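Hi everyone, thanks for making time.

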Amino acid sequence: MRKHDINSESLVSYNPKEWVRFLINFPKADTVRKLLPYLGLMAVYAFLVAILILEVFGLKDNSDLRQISLMHSLLGFVISMLLVFRTNTAYDRWWEGRRQWGALVNNSRNLALKLEPLLDKIATEERDFFRTMIPNFAYAMKNHLRTGFIEQEFTESALFHLTDLDRDGHIPAQISAAITRKVYELQRRGIILPEHLLFLNAELLSFMDICGACERIHRTPIPYSYSSFLKKFIFIYCITLPLGYVFNLHYLVIPFAVFVSYVLASLEVIAEEIEDPFGTDANDLPAETICRNIKLSVQQLMPVAASASPTLSGRS
């Protein structure tokens, strides 16, 4: 299970044109660091195979064991196609998650943009409610897709308090429902006209649509049978490499086997990391940054009145 940090940031920032940096730098997210123990074991295994075949048993170049390399030639195309499909599928999930978070940013801004002229400056409590609850939904969805509700990231307003939430329930749904109830309450009081509801309805509904789409990605992993088969395939392919190529490469089979294992295993590791992009791994989505941007945008679009004025609660 992943460990999450409330202050952690995701998604490595980099300049794709800095080739030298990629060659000499090994950040925490780099697959070399993650696979180093396994690559070390592969090097030891390849060395032992080379010792046994070349020195202990003294097998000749015409040994039948050499024909194992034919298997790698035949299966190389198959494993490459499987890994391409695996990586593309994982990236599609990552990109779909980014699209959903981008839609949340746009719809949060649009909702604030539409509400701002509909609420008079004297509606301080109502304006403060939307200023806090729209960003609260973003933070709640982020934490819902991770570890759960985090009190420190919830901002209270005069019309909605922390105690109004059911901690055991679906927090984003509760916040979305509170926003929707408030809009309909303003309509019943005559502050928002019925036609305004049609104007606001798309953004109100979009919050739970976005949350549901992210939940679908988060809770639907790659089928177990496919993932299990691919890992077994990579393992068998890699451990048989030294057996077939030791006759041609001799002790050079050690770096050869390590490099091929690194390439194949890295593709699987990368796919595993990005297929669920809502955590705190280095290549996951920068949800904290997105939430802060939503909060800043909503506060700018719905500024606080210069001085405190009576609320609209008594208007009809």
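Let's start with a cysteine: Cys238 is buried, with a relative accessible area of 5%. By buried I mean under 20% relative accessible area, while exposed is over 50% and partly exposed is in between, using a 1.4 Å probe and protein chains only.

Quick word on the ground rules. This is a predicted model, where local features need pLDDT of at least 70, side-chain atom pairs count only at pLDDT 80 or more, and totals for chains, interfaces and linings use all residues. Residues are numbered from 1 along each chain as its sequence is written, and side-chain values use heavy atoms, leaving out hydrogens and water.

Now the packing. A nonpolar core here is a set of buried Ala, Val, Leu, Ile, Met, Phe, Trp, Tyr and Cys residues joined through side-chain atoms within 4.5 Å. The largest one has 50 residues, and Trp101, Phe130 and Ile179 are among those with the most contacts inside it. Helices α3, α4, α5, α6, α9 and α10 each supply at least two of its residues; helices are DSSP runs of H or I, at least four residues, numbered from the N terminus. Apart from that core lies another, of 25 residues, including Met42 and Ile234.

Is Glu268 buried or exposed? Buried, at 4% relative accessible area. Setting aside neighbours within four places in sequence, Glu268 is in contact (heavy atoms within 4.5 Å) with residues including Leu83, Arg86 and Ile234. Glu268 also has a side-chain polar contact of 2.7 Å with Lys231. For a polar contact we want an N or O pair within 3.5 Å; within protein, one atom must be able to donate a hydrogen and the other to accept it, and residues adjacent in sequence count only if both atoms are side-chain atoms.

Last stop: His250, in the loop between α8 and α9. Its phi is near 55°, a positive value in a residue other than glycine. At 38% relative accessibility, His250 counts as partly exposed.
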